[in-house]
Amino acid sequence: MTTPPIVTLSDDQRDCYQELTNVAMGQAADRLARLLDSYVVLPIPKVNLIEISDLRMAIEGAQEEDAVSAVCQGFIGSGIAGEALMLFNDTSFTDLARLTNYPGELTHQAQLEILMDVSSLLIGACIQGIGEQLEIHFNQGHPVVLGQHCNVNDILNVSNQKWRRTLAIEIHYTMEAVNVDCDLLLLFTEDSVLRLNHVIDFLLD
Amino acid sequence: MATNILICDDSSFARKQMARAIPTGWDVEVHFATDGVEGVQAIREGRGEVVFLDLTMPNMDGYGVLETIRKEDLPAMVIVVSGDIQPDAQERVMGLGAMAFVKKPIDAAKAEAVLTEYGIMTRA
């Protein structure tokens, strides 16, 4: 067995990832804002190399005791692969249902539909936004529901057994005057980070 | 005389990208600021006749810069270059006196288009 190369992240690289994400999440937020007719507050995205065991700490929006619902969706292109993980605080669904004019009662099934719709929109726009800037076309897998009304720790336990150290980009979306709180995490495999860093270095040159 | 251009963005990558997008053959002197506070200072000192301004920045954001320019009646033509492209953000900056709004990522074609459209660029 060969030792995997050490993945590192310089300040310039981190800055570049942040800026690329900033642009991509702006495009995603724009689509969400138009769908919900509300203003999405854009944070500064957090870019870190983390141990998978520390993933819980990377998630800002959901508190330990909160019930969350989550979706993940894989993406791959030009030898770069990763997972997008979308976590919603369950208190978000009442307002999301209202703003999307969801008809009828807010049942478990209704929440599932809203969860899938909003996740696909945000994940898709973000992944494509980053891809466009890097001139990589990402193919997206099917979104998978990791759980509804669960504890954050339970979600993370099922979703991440694969890698140890990963590049994590975290975007914590909130909305102005509306109770919508969600986290989008982009996690890249270790091999992918090495390739991504190459592309980034080219941009920085 | 060279036009003083200020690029105000907290990301060094974004500043570099913006600097590269400035049309060649335009007689300019390029200055940089890494947040709104530095940006306002540079404009007060005459280093920002034309400002390329980011919105999301620490210390003072782009909205704060626009408000200060208005309040102090500073001589600056501001082009907002932003990743936040929501309709509300665009309306808000135009309401605060920005001359134009350009969506990130910026490139030479977009920069040239906006500079020409508003008659800002004068070729040497």
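Reader: Glu19(A) and Lys104(B): buried or exposed?
Author: Both are buried: Glu19(A) is, and Lys104(B) is too. Keep in mind that this is a predicted model.

Reader: What does Glu19(A) form with Lys104(B)?
Author: A salt bridge, with the closest N and O atoms 2.7 Å apart.

Reader: Where do the two residues of that pair sit?
Author: The pair crosses between chains. Glu19(A) belongs to helix α1 (residues 11-36) of chain A, while Lys104(B) is in the loop between β5 and α5 (108-117) of chain B.

Reader: Which residues are linked with them in a network of salt bridges?
Author: Asp9(B) and Asp54(B) are in the network along with Glu19(A) and Lys104(B).

Reader: How many salt bridges over all chains?
Author: The count comes to eight. One of them joins Lys46(A) and Glu170(A), where the closest N and O atoms are 3.4 Å apart.

Reader: Which parts does that one tie together?
Author: Lys46(A) is in strand β2 (residues 46-51) of chain A and Glu170(A) in strand β7 (residues 165-175) of chain A, so the pair connects parts 124 residues apart in sequence. Lys46(A) is partly exposed, at 32% relative accessibility. Glu170(A) has a relative accessible area of 3% and is buried.

Reader: And in chain B, what do Glu72(B) and Arg44(B) do?
Author: Their side chains meet in a salt bridge, 2.7 Å from N to O. Glu72(B) lies in the loop between α3 (62-71) and β4 of chain B, and Arg44(B) in helix α2 (residues 36-44) of chain B, so parts 28 residues apart in sequence are tied together. Glu72(B) is partly exposed at 33% relative accessibility, and Arg44(B) is partly exposed with a relative accessible area of 43%.

Reader: Now a charge without a partner. How far is Asp84(B) from the nearest side chain of opposite charge?
Author: That side chain is Arg92(B), 7.4 Å away. Asp84(B) is buried and has no salt bridge.

Reader: What does the side chain of Asp84(B) make a polar contact with, then?
Author: The side chain of Tyr39(A), at 2.5 Å. Asp84(B) itself is in the loop between β4 (77-82) and α4 (87-95) of chain B. Leaving aside residues up to four places away in sequence, Asp84(B) touches several residues, including Leu42(A), Tyr63(B) and Phe101(B).

Reader: Different topic. What is the strand order of the open sheet in chain B?
Author: β2-β1-β3-β4-β5, five strands with parallel pairing. β2 (28-33) and β5 (100-103) of chain B each have a single partner strand, so one side of each lacks a neighbour in the sheet. On average, neighbouring strands of this sheet are turned by 20 degrees against each other, direction ignored.

Reader: What packs on the sheet?
Author: α4(B) does, touching β4 and β5 of chain B, and its direction makes about 150 degrees with that of β5(B).

Reader: Over to chain A. Why call strand β4 largely enclosed?
Author: Nine of the 10 residues of strand β4 (residues 80-89) of chain A are buried, so the rest of the structure largely encloses it.

Reader: How many bridges join β4(A) to strand β3 of chain A?
Author: 10, and β3 (residues 67-77) runs antiparallel to β4(A). Gly74(A) has Glu83(A) as its bridge partner in β4(A). The hairpin of these strands, β3(A) and β4(A), has two residues between them, and Ser78(A) takes a positive phi near 50 degrees there.

Reader: How many bridges to strand β8 of chain A?
Author: Seven, also joining antiparallel strands, with β8 at residues 178-188. Gly82(A) stands opposite Phe188(A) in β8(A).

Methods. Residues numbered from 1 in each chain as written. Chains lettered and ligands numbered in written order. Predicted model: local features only at pLDDT ≥ 70, side-chain atom pairs only at ≥ 80, totals over all residues. Heavy atoms only, no water. Helix = DSSP H or I, 4+ residues; strand = E, 2+ residues; numbered from the N terminus. Buried < 20%, exposed > 50% of the residue type's maximum accessible area, 1.4 Å probe, protein only. Lys, Arg positive; Asp, Glu negative; His and termini not counted. Salt bridge = Lys/Arg side-chain N within 4 Å of Asp/Glu carboxyl O. Polar contact = N/O pair within 3.5 Å; in protein donor to acceptor, adjacent residues only side chain to side chain. Contact = heavy atoms within 4.5 Å. Pairing = 2+ DSSP bridges. Axes fitted to C-alpha atoms, helices over the stretch in contact; angles between N-to-C directions.
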